[in-house]
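Look at the model below from one end of the chain to the other.

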Amino acid sequence: MSNDRCGAPTLGGSACRFPADRCPHEAHGRAREARPPHERSPAGAIRERDLRGLGWWLIEETLAGRVTPPEASAVNRMMHTLLQLGPTPEADERALQEVALRGLLMHGVPPRSEDEWRRAAEIFDDEALAEFRRWAAPEGEPAKHENREP
């Protein structure tokens, strides 16, 4: 028998407390299966270093009874420690590069290198990129830079 609780929402609004493998409600099984994979497991949030996603997952699982309060407390403490470490040097450098790119664009200067074009493609939509390409093209010539995937 599994110790995992069903956790599907009941008519009263609380989480179902039956063990998941013995829940008698067919609709609960469908509700459990309909949950996106990232909501069934914290693996995606951990892999992506998404503390916000992990926090919401932890709240949901604790309220549903699938994570015990002592387990939730331990994970919460680890999350707090990670937050105290602050951003990585790579994240700081990436943020500075984005600020520099936005500053250029704010003054009508298109991206100047392939790296800046790649960063712009990560940040902006196709319409904005088309406008930046228009700025970069000499008058009368088609724009050089295509919308490339990073």
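Helices (H or I, at least four residues) and strands (E, at least two) are DSSP runs, numbered from the N terminus. This is a predicted model, in which local features need pLDDT of at least 70 and side-chain atom pairs count only at pLDDT 80 or more, while totals for chains, interfaces and linings use all residues. Residues are numbered from 1 along each chain as its sequence is written, and side-chain values use heavy atoms, with hydrogens and water left out.

The protein chain has eight helices and zero strands. Read from the N terminus, its elements run α-α-α-α-α-α-α-α. A residue is called buried under 20% relative accessible area, exposed over 50%, and partly exposed in between (1.4 Å probe, protein chains only). Of the 150 residues in the protein chain, 26% are buried.

Next comes the largest pocket. On a 1 Å grid over the protein atoms alone, a pocket is an open set of points where a 1.4 Å probe fits, with protein on both sides within 12 Å along at least five of seven lines; lining residues have an atom within 4 Å of a point. A volume is the space filled by probe spheres set on the points, which are joined across faces, edges and corners. For the largest pocket the volume is about 290 Å³. Which helices each supply at least two residues of its lining? They are α3 (43–47), α4 (51–63) and α5 (69–85). The largest share, four residues, comes from α5. Among the lining residues are Ala45, Ile46, Arg49, Asp50 and Met78. By type, the lining has eight nonpolar, no polar and two charged residues. Here Ala, Val, Leu, Ile, Met, Phe, Trp, Tyr, Cys and Pro count as nonpolar, Asp, Glu, Lys and Arg as charged, and the others, Gly among them, as polar.

Arg49, one of the lining residues, lies in the loop between α3 and α4. Arg49 is exposed, with a relative accessible area of 70%. Its phi is positive, about 60°, although Arg49 is not a glycine. Most residues other than glycine have a negative phi.

Helix α4 also holds Ile59. Together with Trp56 and Leu63, Ile59 forms a nonpolar patch on the surface, with about 380 Å² of accessible area in total. Such a patch is made of residues with over 30% relative accessible area and no salt bridge, and its nonpolar side chains (Val, Leu, Ile, Met, Phe, Trp, Tyr) are joined within 5 Å. Ile59 has 41% relative accessibility, so it counts as partly exposed.

The last topic is charge pairing. Side chains of opposite charge can pair when their charged atoms come close. A salt bridge is a side-chain nitrogen of Lys or Arg within 4 Å of a carboxyl oxygen of Asp or Glu. The structure holds seven salt bridges. Glu60 is partly exposed at 31% relative accessibility, whereas Arg66 is buried at 16%.

Glu116 pairs with Arg112, with the closest N and O atoms 2.8 Å apart. Glu116 is buried at 11%, while Arg112 is exposed at 59%. In the salt bridge between Arg134 and Glu131, the closest N and O atoms are 2.4 Å apart. Arg134 and Glu131 are separated by about one helical turn because they are three residues apart in helix α8 (residues 126–136).

Methods: Patch = residues over 30% accessible without salt bridge, like charges linked within 9 Å, V, L, I, M, F, W, Y side chains within 5 Å. Areas by Shrake-Rupley, 256 points an atom, 1.4 Å probe, with all protein chains shown as cover.
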